[in-house]
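Good morning, colleagues. Please keep the structure in view while I speak.

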Amino acid sequence: MALIYLLVVVAVLGLSILRFLCRPRPVKIPIKDRHVFITGGSSGIGLALAHRAASAGSRVSILARSVSKLEEAKEDIRNATGVEVAVYSADVRNMEAVRSAIEAAGPIDVLICNQGVYISGELVDVDMNDIKFMLDVNVVGTFHLIKAALPKMKEGSGGSDLPKSIGIISSQAGQIGIYGYAAYSASKFALRGLAEALQQEVISDNIHVSLITPPYTETPGIVEEKKRRPKITNKLAQYSPVMKAEDVAEKVLNGIESGDFIVSCSFIGHILSISTAGLSPQRSYIMAFIELVGISFTRFVGLCYLWICYGIVAKYQSKHLKNSTSTKVAPKKNA
Ligand SMILES: NC(=O)C1=CN([C@@H]2O[C@H](COP(=O)(O)OP(=O)(O)OC[C@H]3O[C@@H](n4cnc5c(N)ncnc54)[C@H](OP(=O)(O)O)[C@@H]3O)[C@@H](O)[C@H]2O)C=CC1
Ligand SMILES: CCCCCCCCCCCCCCCC(=O)[C@@H](N)CO
């Protein structure tokens, strides 16, 4: 009895300390009647986000390269919601193109940097051009977008203005490195550094950064990627279930509206976020409490997961080695 009493006192005291401690402060970011600008909005997660934001009453702009895919998305959203979205064709790798699109779109309340490319394969086999392509689109492209949008977003912010948001789509592959994703993971881990530093720089402008970490999601992009994905990657990633783009979009917009810094989209996603909490800001004292209590447990789960991973890798590589020796030997026998 006394022990339970003590535990309750400690928990309440702990929660009060965390409530005092947690920075930045919690925030609510409305999206209704506000301008939401979504890159990669013509396909997959971005398209689902555009649908959802339009249904929620936002003014929506989408940006991507292909004009025909943009027009198709525009028609799709019009048919489903009756909302006209604005479309901008630009390659995020081109700063000038990004600048003109953002200028034409007008001041942004919620910028969602969702464009992204992913090519998997063992690093020795991946072409350097493909590696640079991923870093350019995923990382440099995101810098272009934020640098182009930020000056206007800062203008007139603070004061009594409504809070604004910059949402950056990373990935679970931005929380853990997985076989076959060395370059992609590097690009997605990079976004975390950007997000953490940027949040400190823009907090006084009442701009709030969300770093989103979806699991595998059914999208046109993933259908392509799957064709080249090493089989072993599927084995290692099987513990994180695949989601539908619509469900991811719902989590993303809810996370942005709640001002969450890390937005995870699934149960395993939450476990991953707790175990990689590091020095990311945490606005919710409840979540901070869960992190403090859960972190040694999730580290243990992580160690078990890595034990499984390295077992799978060892088995795969010994089989691979045997296979490659037998193929080397076979032609000799035939000759
Ligand atoms: N699907 C998944 O399993 C997961 C995806 N993610 C991330 O989510 C984001 C969206 O992925 P997903 O929906 O699968 O991708 P899709 O391939 O389905 O869509 C990608 C979108 O980005 C646009 N895009 C690509 N390159 C550029 C560029 N250089 N400039 C401007 N726009 C560009 C594409 O249009 P266009 O080609 O016409 O330019 C398209 O609209 C990515 O950042 C991805 O890394 C994260 C975790 C899991
Ligand atoms: C501590 C507990 C750990 C539990 C197990 C976690 C398993 C993680 C698997 C991560 C798979 C990566 C998905 C991202 C795919 C992606 O971003 C695509 N775009 C790639 O093509």
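Predicted model: local features only at pLDDT ≥ 70, side-chain atom pairs only at ≥ 80, totals over all residues.

A crossing of two helices is called right-handed if the near helix is turned clockwise from the far one by less than a right angle, and left-handed if it is turned anticlockwise. With that convention, H5 passes H6 in a right-handed crossing.

Two packed helices are described by the angle between their axes and the distance between the axes. For H5 and H6, the angle is about 15° and the axes lie 8 Å apart. Angles under 35 degrees count as roughly parallel, and H5 and H6 are therefore roughly parallel to each other. On the H5 side, the residues in this contact include Ile 131, Leu 135, Val 139, Phe 143, Ile 146 and Lys 154. H6 contributes, among them, Tyr 184, Lys 188, Leu 191, Leu 194, Leu 198 and Glu 201. Sorted by class, the contact of H5 with H6 comprises 14 nonpolar, three polar and three charged residues.

Within H6 we also find Ser 185. Is Ser 185 buried or exposed? Its relative accessibility is 5%, and because buried means under 20%, Ser 185 counts as buried. Leaving aside neighbours within four places in sequence, Ser 185 is in contact with Ala 173, Ile 176, Gly 177 and Ile 178.

By class, the contact of H2 with H9 has nine nonpolar, one polar and three charged residues.

I turn now to the cores. The largest nonpolar core has 51 residues, and those with the most contacts inside it are Leu 111, Ile 146, Ile 166 and Ile 168. Elements giving two or more residues to this core include strands E4, E5 and E6, together with helices H4, H5, H6, H8 and H11. Which element gives the most to this core? That element is H5, with nine residues.

Leu 111, not counting residues up to four places away in sequence, touches Phe 37, Leu 145, Ile 146, Ala 149, Met 153, Ser 165, Ile 166 and Gly 167. Apart from this core lies another, of 32 residues, among them Ile 29, Ile 45, Ala 249 and Val 252.

Note on methods
Residues numbered from 1 in each chain as written. Chains lettered and ligands numbered in written order. Heavy atoms only, no water. Core = buried A, V, L, I, M, F, W, Y, C linked by side-chain atoms within 4.5 Å. Buried < 20%, exposed > 50% of the residue type's maximum accessible area, 1.4 Å probe, protein only. Helix = DSSP H or I, 4+ residues; strand = E, 2+ residues; numbered from the N terminus. Contact = heavy atoms within 4.5 Å. Nonpolar A, V, L, I, M, F, W, Y, C, P; charged D, E, K, R; others polar. Axes fitted to C-alpha atoms, helices over the stretch in contact; angles between N-to-C directions. Parallel < 35°, antiparallel > 145°, perpendicular 65-115°, else oblique.
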